[in-house]
Amino acid sequence: MVVNSRQPKFVAWGPELAFIYNDAYVAIFPERHPAALGRPFQQVWSDIWPQFEPIVQATLDGQSQLYKELLVPMQREGQTEDTWFTFSYTPLRDDDGKVAGILCATMEVTDQVLAKRRERAALDESREKSATLAVVNRAGAAITAELNVDRLTQIAVDAGVALAGAEFGAFFYNVDDGEGGSYMLYALSGVDRKHFDRFPMPRNTKVFVPTFNGEGVVRSDDILLDPRYGHNKPHSGMPKGHLPVRSYLAVPVKSRDGSVIGGLFFGHSEPARFSEAAEASLVSLAGQSAVAIDNARLIRAAEVEIAQRREAEDKLRKLNETLEARVAAEILERQQAEAALQQAQKMESIGKLTGGVAHDFNNLLQVISGNLQLLGKDVANNGRATERISNALSAVERGSRLASQLLAFGRRQPLEPKVINIGRLVSAMDDMLRRALGEEIEVETMVSGGLWNTFADPIQIENALLNLAINSRDAMDGTGKLTIEVGNAFLDDSYSRTHPEVAAGQYVVLAVTDTGSGMAPEIIEQAFEPFFSTKPEGKGTGLGLSMVYGFVKQSGGHVKIYSETGEGTTVKLYLPRSLRSEDRIATGDNIPTTGGTETILVAEDDEGVRTTVVEMLTDLGYYVLKAKDAQSALTVIESGAHIDLLFTDVVMPGPLKSPELARMARERLPNVAILYTSGYTENSIVHGGRLDPGLELLSKPYTREALARKVRHVLVNQAQRRQTHPVPLPGSPQPRDIVQARLKLLLVEDDAFIRMDTAEILQDLGYDVIAADSGEQGVELLRTADIDIIVADVGLPGMSGPAFAALAREAFPSVGLVFATGNSNPPDANRFSGSVLLPKPFTTAALDSAVKNAARQRPIA
């Protein structure tokens, strides 16, 4: 604050009161700068230390002080001169609340003090002279009493006309026009001003030079002056632009310093003679007028200066009044920034700790889990052993959840965000929440209209909402009301300033409110810390809210708790708005848990994990190769062995990392599928908390069923990509152009890669193709387009392929149907007459044949 301020300021800090000041302060003591910087206060101001020591000591005792126009003998250019300062001294406190320094804001007011003294002297002088001149005559008294220059000059002209017996009079001011000057008409009496409209009187009017130069009176009893030519000529009427005079008297008006202020001009339209007495009176009047004008100008200048000084003093007073508040606000802002930094550093440290622990912990859990599942097959007929294995697997699952919660708090879990509508997600969870909370808790869900989309991991949102709901249930002792609200929110700059970790912008807010016991402020401060819990021993891990906090922060959002003891609690989750259209969320439930006969290369550095996963994959029917690290896996790949899937741990020792291994594997084996596994991904394939697009990850620990489903899913998708977008072999013949009728096809496929490749193949085959990523989008397209054939994936998320086909046939009975599936259970052929089954993976020829068969077999409307 001191460095950036335009007002002179300094801080004296520490035991020796080290002197630190800003640029504006340098002008106060230029000869001591820069040597004064950082030196003790007493050394910098040793010459005036006796005067300032009591002030400094009082401030260090905790007293704020303000001094106005204090006389300070100042050493400047080798001499001592009197200076005046207005300043405030404010004590500065350290983190313990003790006074450790001084903040001073100052302003030198020497010029103002001296100006006030000059003003008083001038006023005294003017009043003295005005009192003397007041007795000369009534006109002089009137002039002396008048302080307004406009009225004063008019009084002088009117008085001069009366004193001289003139027909009219005028007052001209000296005006600098940049070309030698001229005299501007200022006041007029006894004649219409229009006669002077083309006047000012130029400096080169020769007859008036003595008057306007202050040399004396100029008079004439019978002439006509033409100011354009600067000479006299006989009277022959009054041409426009001439002064309406035949006789005149011009008297200079000189300031007390001898400079010519202007001139008094009096005249007659006919020849006349001014008396000696009249001339003397006008000279006296001119002198009185000059003094009065000088006084009026001085008083006006003094009034302006006084007003400026008062304004400056008012500003200084207001500055001093707000200085402490501003300092306190800036200290608070700094403390908030430091707290945010400390929190971020703590989160980073915990993240690294939990990441390392989770990696080793999940590897141990994977070994235990895998061996328990394998053992379960060996003792399938032993009920007691099976029960014990089931209990052990439950413990493994709890350990896995614990590791997952730690990763969530540390913002290290691999998120799979999608563009979602939280309102639909929350509504779909309604039944599950009611079962989890029990019949004694009333659940109310409110979703605002026009709800924005957000980009977040839907599974983690479900987990967060379930965690908050269970916490609310416990806070209400199983009885009460839970309100779930979803709406749009805008956090502005003012909110962001008081919450430095929050970026201003548009958010979707998920709020969970209960009627429970509420929380005290000190509990709220600790609510998100890991392992902090107010529940009884054994009733909770203290990681529920920590997981929620970590997930929201990792998603770029904000969490806020509002609670009062006895009044319930509201937790608000703010997730950033997404402007993209909603993604369709697919599940792996339609993928069979059977194995296969493909060849899988397992790259895993943990021997126990490697042995277990190899045995599980072998048990599923796969041919398995194994490697202890990435370099060994690359050696197997380069040996020429046929490999369908590379199943690699993300975190392994050695110079070759898993992402690089996958890249090199793809270069050598273009059709190989890649599946990653890890209990902690670091930043290898997860960036910004999100899994890199196009990658597949199986998190440790995993069950035999999860392994089977994920492997099958990856292999089926890779086979589909290989068939729809094959890698050409050298020298292979190019396919012949296929020409046929332009049928219009609607392709409905949720996998983006398969959808794009299949659409491209169908277009190459001569079909008109439009594509949809879900059954819901397909229904929208059917309303605006005429479709001949529908090619639909059976296992679509949301509305399944058969459900979509049923709606399509109801609206368009003659539409042809092709069902693409990797499942051995096709749709009911009796339900969809003329439909064609296209097993995945399929070739271009198989796809073309299926479409043609569907066209031939479609029902006739």
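**First stop: α11 and α12**

Select Leu 433, Ala 436 and Leu 437 in α11, and you will find them meeting Leu 465, Leu 466, Ala 469, Ile 470 and Arg 473 in α12, where contact means heavy atoms within 4.5 Å and helices are DSSP runs (H or I, at least four residues) numbered from the N terminus. By class, this contact holds seven nonpolar residues, no polar ones and one charged, with Ala, Val, Leu, Ile, Met, Phe, Trp, Tyr, Cys and Pro counted as nonpolar, Asp, Glu, Lys and Arg as charged, and the others, Gly among them, as polar.

The model is predicted, and local features need pLDDT of at least 70, side-chain atom pairs count only at pLDDT 80 or more, and totals for chains, interfaces and linings use all residues. Residues are numbered from 1 along each chain as its sequence is written, and side-chain values use heavy atoms, with hydrogens and water left out.

Now display the whole of α11 (residues 430–437) and α12 (residues 458–475), whose axes come within 10 Å and cross at roughly 30 degrees; axes are lines fitted to C-alpha atoms, for helices over the stretch in contact, and angles run from 0 to 180 degrees between N-to-C directions. The two helices are therefore roughly parallel to each other, a term for angles under 35 degrees.

**Second stop: α20 and α23**

Move to α20 (residues 752–764) and α23 (residues 844–857), which pack at an angle of about 70 degrees with their axes 11 Å apart. That makes α20 roughly perpendicular to α23, a term covering 65 to 115 degrees. Finally, select Thr 758, Ile 761 and Leu 762 in α20, which meet Thr 844, Leu 847 and Val 851 in α23; the residues of this contact divide into four nonpolar, two polar and no charged.

Methods:
Parallel < 35°, antiparallel > 145°, perpendicular 65-115°, else oblique.
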